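Here are my notes for you, point by point. Have the model open while you read, as I jump around a bit.

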Amino acid sequence: MRAGFPDFRLGNVLATSFTGTLSERHGNAVERIPTPQRLVDWLVVNGLAVDSCTIAQLDLARELRESIHAVATAAAVQDALPVSAVKFINDCSAQGRAAAILTPEGKRRWRLSSASCVEDALGVIAADAISIIAGERDGKLALCASPTCQAAFFDTSQSRTRKWCDMNTCGNRQKKARFNANQRKNTRSAIDPRPWLG
């Protein structure tokens, strides 16, 4: 990771990992792709390498990110999908040029051509979003239980009861807060073991 920028949150699902490039949406928001080069870095890490990115392409990427977030959030809570966000996702998917390839391990990956641009990579992300929102993959969309995050994520756990978008961040933060609250409660009880006698 480049010094001075927040780390990427990497998940197993491309589309929801992309929406995670803006985290803590209901707290102190953290922008993880603040510059065109940071978007290029994120795309490289996710197997969608492109040579360069302009400010206009970064703006396009952020609009796709917010469209996916809006549609995934609506799908997770079973609301009507926002029409303008659906249209934007569809448009990005239609404009992208990439080929699906099969790896020796039997996984599907996307291959961009050497002349590919950011729009082609965004087309792959949009197509991934369409497949999870349409229910084509085994799992379900859910929202992070952290009140400052509430990110949409794709739950592939066996029970489909995962609560956190990322156990290493939101989950640990909530467990630590619960632990600290219990410690304070126990400390107060130890100081005055018989509060009912006051």
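The points below go from the whole chain down to single residues.

1. **What you are looking at.** First, the caveat: this is a predicted model. The chain has 6 helices and 6 strands. Read from the N terminus, the order is α-β-β-α-α-α-β-β-α-β-β-α.

2. **Burial and surface.** Of the 198 residues in the chain, 36% are buried. The exposed surface comes to about 11,400 Å², and 52% of that is supplied by carbon and sulfur atoms. As for contacts between residues at least 6 apart in sequence, 54% of them join residues at least 24 apart.

3. **Helix 3 against helix 5.** Start with this pair, residues 55-76 and residues 118-133. Their axes are 11 Å apart and the packing angle is about 0°. Angles under 35 degrees count as roughly parallel, so helix 3 and helix 5 are roughly parallel to each other. On the helix 3 side, the residues that meet helix 5 are Gln57, Leu60, Ala61, Leu64, Ile68, Val71, Ala72 and Ala75. Helix 5 answers with Val118, Glu119, Leu122, Ile125, Ala126, Ala129 and Ile133.

4. **Isoleucine 125.** This one is in helix 5, and its relative accessible area is 0%, so it is buried. What does isoleucine 125 touch, not counting residues up to four places away in sequence? The list is Leu14, Ala15, Phe18, Trp42, Leu43, Leu48, Leu64 and Ile68.

5. **Alanine 72.** Over in helix 3, alanine 72 has 1% relative accessibility and so counts as buried. Leaving aside neighbours within four places in sequence, alanine 72 is in contact with Ile133, Leu141 and Ala152. Proline 82 lies 10 residues from alanine 72 along the chain, and their C-alpha atoms are separated by 9.8 Å.

6. **Helix 2.** How many of the 10 residues of helix 2 (residues 36-45) are buried? The count is 7, so helix 2 is largely enclosed by the rest of the structure. The buried ones are Pro36, Arg38, Leu39, Val40, Asp41, Trp42 and Leu43; note that Arg38 and Asp41 are on that list. These buried residues pack against helix 1 (14-19), helix 3 and helix 5. Trp42 and Leu43 are both in the contact list of isoleucine 125. Just after helix 2, glycine 47 takes a positive phi of about 75°.

7. Glutamate 24 has a phi near 55°, a positive value in a residue other than glycine. Glutamate 24 is in the loop between strand 1 (22-23) and strand 2 (30-31), and at 12% relative accessibility it counts as buried. Arginine 160 is another such case, with a phi near 60°.

8. **More on arginine 160.** Look in the loop between strand 6 (152-155) and helix 6 (167-191). The arginine 160 side chain makes a polar contact with the side chain of aspartate 138, at 2.6 Å. A polar atom of the arginine 160 side chain also lies 2.4 Å from the backbone oxygen of serine 157. Not counting residues up to four places away in sequence, arginine 160 touches Asp138, Gly139, Lys140 and Asp155.

9. **Cysteines.** How many disulfides are there? The count is 0. Cysteine 149 is in no disulfide: the nearest cysteine sulfur belongs to cysteine 165 and is 3.7 Å away, whereas a disulfide calls for sulfur atoms within 2.5 Å. Cysteine 149 has 1% relative accessibility and counts as buried. Cysteine 92 also counts as buried, at 5%.

Note on methods
Residues numbered from 1 in each chain as written. Predicted model: local features only at pLDDT ≥ 70, side-chain atom pairs only at ≥ 80, totals over all residues. Heavy atoms only, no water. Helix = DSSP H or I, 4+ residues; strand = E, 2+ residues; numbered from the N terminus. Buried < 20%, exposed > 50% of the residue type's maximum accessible area, 1.4 Å probe, protein only. Contact = heavy atoms within 4.5 Å. Areas by Shrake-Rupley, 256 points an atom, 1.4 Å probe, with all protein chains shown as cover. Polar contact = N/O pair within 3.5 Å; in protein donor to acceptor, adjacent residues only side chain to side chain. Axes fitted to C-alpha atoms, helices over the stretch in contact; angles between N-to-C directions. Parallel < 35°, antiparallel > 145°, perpendicular 65-115°, else oblique.
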